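Q: Could we go through some features of this model one at a time, with the general idea before each case?

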Amino acid sequence: MKRTLMIAGMSVLLGACATGTDNAPGALDVQSSTSGLKGTYTLGKSKLKFSSTEVGRGVYDVVVDINGATLSALVDQTRRVAEVDGFAGNGADTQLVDADRELLNKFVGAINEQVGSDRADAASTLSRVASNWSQTPETVPLQRQVAGEENRDWTSICAYYYYYVDATHDDNNYNDFSPYSTSHAHVGYRSASTYYYVNGSWITTTQNHVPLLYEYGNCYGNCGAGCPSGAQTLTLDCHDHDQCVRNGHAIASLYCDDEFTSASDDEFFAPTCSGT
């Protein structure tokens, strides 16, 4: 069930900050072919192996080997359905931990910078799926189906780029749209940090369920961790997930599981927003 957008007032001005993304250095080796791409990504002592191959018209087989585990996704961009899985080297079920999410997050930044993520092809599918894995909590099964259809399963907020749109979450203390779990969040502004308007000043100290704050930065509302190198994918579900993990909860928080699940189909299938 999709909710109605709530557009906040524009009376609070943005603070000055640096634009751009923050990608730690790593070594990305990519081999491209007519059917897709494969390669490795090395960051310190950690190494990730990946491939994304078009196995049918608009159907991509994505495989990432990371820290002894294999992550896989069969993504049909035409039908907008995906089968996602993850398992240990012995075939047993496994879950991602913080070190895995951090490595995946850096890998996504590197693959976007070198290959790009705006196209509907093997590279962009790899980027979207890996970005989703980089935000997957331990409490969400790696084996799951993701399906989506615009206006039923996601609501684009491309038209609200650079506007404040209310974002909200629920948890063990507050319901959706409680003042303590709702923020006036600026859509899409690029910066390395999230900024919060507290006592007449913009600060970067993460806030914990402070009611109805104005917030901006770090590509708020984009489907994926942080800012992409290219156009953003801005949806209402991703906006809400950002609000949850930036206001009292971490990426892996149990209380953001429902927001993460709702945003997954947006990240896999929603179109990018030109000019963002």
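A: This is a predicted model, in which local features need pLDDT of at least 70, side-chain atom pairs count only at pLDDT 80 or more, and totals for chains, interfaces and linings use all residues. Residues are numbered from 1 along each chain as its sequence is written, and side-chain values use heavy atoms, with hydrogens and water left out.

Q: In which strand is the place of Asp 166?

A: Helices (H or I, at least four residues) and strands (E, at least two) are DSSP runs numbered from the N terminus, and Asp 166 is found in strand β8, residues 164–168.

Q: Is Asp 166 buried or exposed?

A: Buried means under 20% relative accessible area, exposed over 50%, and partly exposed in between, with a 1.4 Å probe and protein chains only; at 8%, Asp 166 is buried.

Q: How many aromatic pairs are there?

A: Rings of Phe, Tyr and Trp (its six-membered ring) pair if their centres lie within 6.5 Å, and planes under 30 degrees apart count as stacked, over 60 as edge-to-face and the rest as tilted. By this rule there are eleven aromatic pairs. One of them is the tilted pair of Tyr 41 and Phe 107, at 5.8 Å centre to centre with 50 degrees between the planes. Tyr 41 lies in strand β2 (residues 36–43) and Phe 107 in helix α1 (residues 98–114), so this pair ties together parts 66 residues apart in sequence. Both Tyr 41 and Phe 107 are buried.

Q: Which residue lies over the face of Tyr 220?

A: A charge sits over a ring if NZ of Lys or CZ of Arg is within 6 Å of the ring centre and within 35 degrees of the ring normal; here Arg 246 lies over the face of Tyr 220, at 4.6 Å from the ring centre.
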